[in-house]
Amino acid sequence: MEAPALQAGPFDIDLDRFHGPLDLLLHLIRNQDIDIFDIPISKITQQFLGAIRNLQRLELERAGEFLEMAATLVRIKAQMLFPRRGDDDEAEDPRADLVRRLLEYEHFREAARLLERAERTRSRLFARGFVEARPAPKLADLPLETTWDEVETALGGLIERLNAPETIHHVRGREIKIDDKIHEILAALQQARRVEFADLVAPWGTRLHAVGSLLACLELAKRSVVRVRQVSPFAALWIYRAKQEREAA
Amino acid sequence: MIRASRVIEALLFASESPLAPADLARADEDLDEERVEAAIAELRAEYERDARAFTVYEVGGGYQLLTRPEFAPVLERFDSVPGAQRLSGPALETLAILAYRQPVGRAEVEEIRGVGSGGVLKTLQERGLIEVVGRGEGLGRPLLYGTTQFFLQHFGFRSLDDLPRSEELPVVLARREQRKEEADGTAAGVSEAG
């Protein structure tokens, strides 16, 4: 008589939805408006067993919990078959303990629901510090926006470059040694007491030589070997022999 | 002289967690808990009048500045980090049992829930919602758990008296609590209506 009910409707149950066998049992009872103080144990047992048909999908511990409840139900069902002596008021209903557990569980399930509501309400209020200073995102956390097309294009470019004929440009600066320039200046000062910077540079005619000469000139000035004079900006720059200058003075 | 309400405001502003009235009163010689309460009331009225985005809430035995609920959508959207994580169903069930029955051991929790609860208890403990408060009498002196101050803060309760009261729960609980009250003579659950 109950067989069709097992196949569909409220009894085609996803066990993962339930927190345990008590939760499942309560669901069966409450969803069918069954009087919890007078549970039709045979019917409920059948439905419970039907619901846990797919038990093998659960992990062992959870499966054990459901099986234990199934065993309890079957035991109660069997006890119900024994006639209780009518004159003995003390004889407890075999279902009594289960009912007590169900009611207790239901109470806490309800309390949990109220806690959840309180949590939801509280989670809408924010304290200072909620919006934290944001650290720079880690590289790994950033979404990659590169597509395969782009990788292919890059690869194509690489291959093209590898296949391109090798053209080598050797760029080599002419070596100008400051020491050479120092000797040049000193040689020039052997000839004359003073020499104009422009004359010193003129034979070479390149900027690099001018820079070299200037550095050599400054180096000599630092060593107090020469003195450098310029009357005004952009005027002729004269280099004097320092020693003779002093002697002359 | 700086007004008491300004002093309290400064302290609440600078704190990221709730401050108890006694702590607030220690800030200034002129303050006592009564004046603190008065200053809090003053601040609330002021924030209300100026339609500020926050006000003073009482959570977990202390006062805290929190944004008003209507700003929740903005704040939730603003922060890309997933918001406060909600507790799972089993965690809430376990917490409910602890909240009403504490101190309580793992065995009792498992008996009521009908399922193993060791993992859930561990998680709740790690999240600071429950703590070991003692050891039971039975075999092996089992650990007994209770809820923490952080539990109150997380759910926005001022104290355990703020827990949903018996009349909001199914009849059975009321009966149980009544029995308990009769047994130990204390009127648990009697508190100012929230």
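Q: Which residues of H5(A) are buried?
A: A residue counts as buried if 20 or more other C-beta atoms lie within 10 Å of its own, as exposed if 12 or fewer do, and as partly exposed in between, with C-beta atoms placed from the backbone. In H5(A) the buried residues are Leu98(A), Leu102(A), Tyr105(A), Glu106(A), His107(A), Phe108(A), Arg109(A), Ala111(A), Ala112(A), Leu115(A) and Glu116(A). Please note that this is a predicted model, in which local features need pLDDT of at least 70 and side-chain atom pairs count only at pLDDT 80 or more, while totals for chains, interfaces and linings use all residues. Residues are numbered from 1 along each chain as its sequence is written, and chains are lettered from A and ligands numbered from 1 in the order in which they are written.

Q: How many residues does H5(A) have, and what span is expected for it?
A: Helices (H or I, at least four residues) and strands (E, at least two) are DSSP runs numbered from the N terminus. The expected span of a helix is 1.5 Å times one less than its number of residues. H5(A) has 27 residues, and the distance from its first C-alpha to its last is 39 Å, close to the expected 39 Å.

Q: Is H6(A) largely in the open or buried?
A: The number of buried residues among the 16 of H6(A) is zero, so this helix lies largely in the open. Helix H6 of chain A covers residues 148-163, and its end C-alpha atoms are 23 Å apart, which agrees with the 22 Å that 16 residues should span at 1.5 Å a residue.

Q: What is the order of elements along chain A?
A: Chain A contains 10 helices and three strands. From the N terminus on, these run α-α-α-α-α-α-α-β-α-α-β-β-α. Of its 249 residues, 19% count as buried.

Q: How are the strands of chain A arranged in their sheet?
A: Strands of a sheet pair through backbone hydrogen bonds, either parallel or antiparallel. Two strands are taken as paired if DSSP finds at least two bridges between them. In chain A, an open sheet of three strands has the order E1-E3-E2 with antiparallel pairing. Strand E1 (194-196) and E2 of chain A stand at the edges with a single partner strand each, so one side of each is left without a neighbour in the sheet. Neighbouring strands of this sheet are turned by 25° against each other on average, direction ignored; axes are lines fitted to C-alpha atoms, for helices over the stretch in contact, and angles run from 0 to 180 degrees between N-to-C directions.

Q: Which residues stand opposite one another in this sheet?
A: Five bridges join strand E2 (residues 226-230) of chain A to strand E3 (residues 237-241) of chain A in the antiparallel sense, and Val228(A) stands opposite Ile239(A) there. E1(A) and E3(A) are also antiparallel, over three bridges, with Ile239(A) in E3(A) as the bridge partner of Val195(A). E2(A) and E3(A) form a hairpin with six residues between them, and Phe234(A) in the turn has a positive phi of about 70°. Helix H9 (residues 207-222) of chain A lies across E2 and E3 of chain A and runs at about 120° to E2(A).

Q: How many residues of each chain are in contact across the interface?
A: Two residues are in contact if their C-beta atoms, placed from the backbone, lie within 7 Å. On this basis, 33 residues of chain A are in contact with 38 residues of chain B. Helix H2 (21-31), helix H4 (60-81) and helix H5 (96-122) of chain A are the elements that give two or more residues to the side of chain A that touches chain B. H5(A) provides the largest share of that side, 17 residues. The residues of that side divide into 16 nonpolar (Ala, Val, Leu, Ile, Met, Phe, Trp, Tyr, Cys and Pro), 11 charged (Asp, Glu, Lys and Arg) and six polar (the others, Gly among them).

Q: Where is confidence lowest in chain B?
A: Confidence in each residue is given by the predictor as pLDDT, from 0 to 100. In chain B, the lowest mean, 47, belongs to helix H9 (residues 171-184) of chain B, and the highest, 94, to helix H3 (residues 33-49) of chain B. Where pLDDT is low, the predicted coordinates should not be read in detail. The model scores ipTM 0.72 and pTM 0.58.
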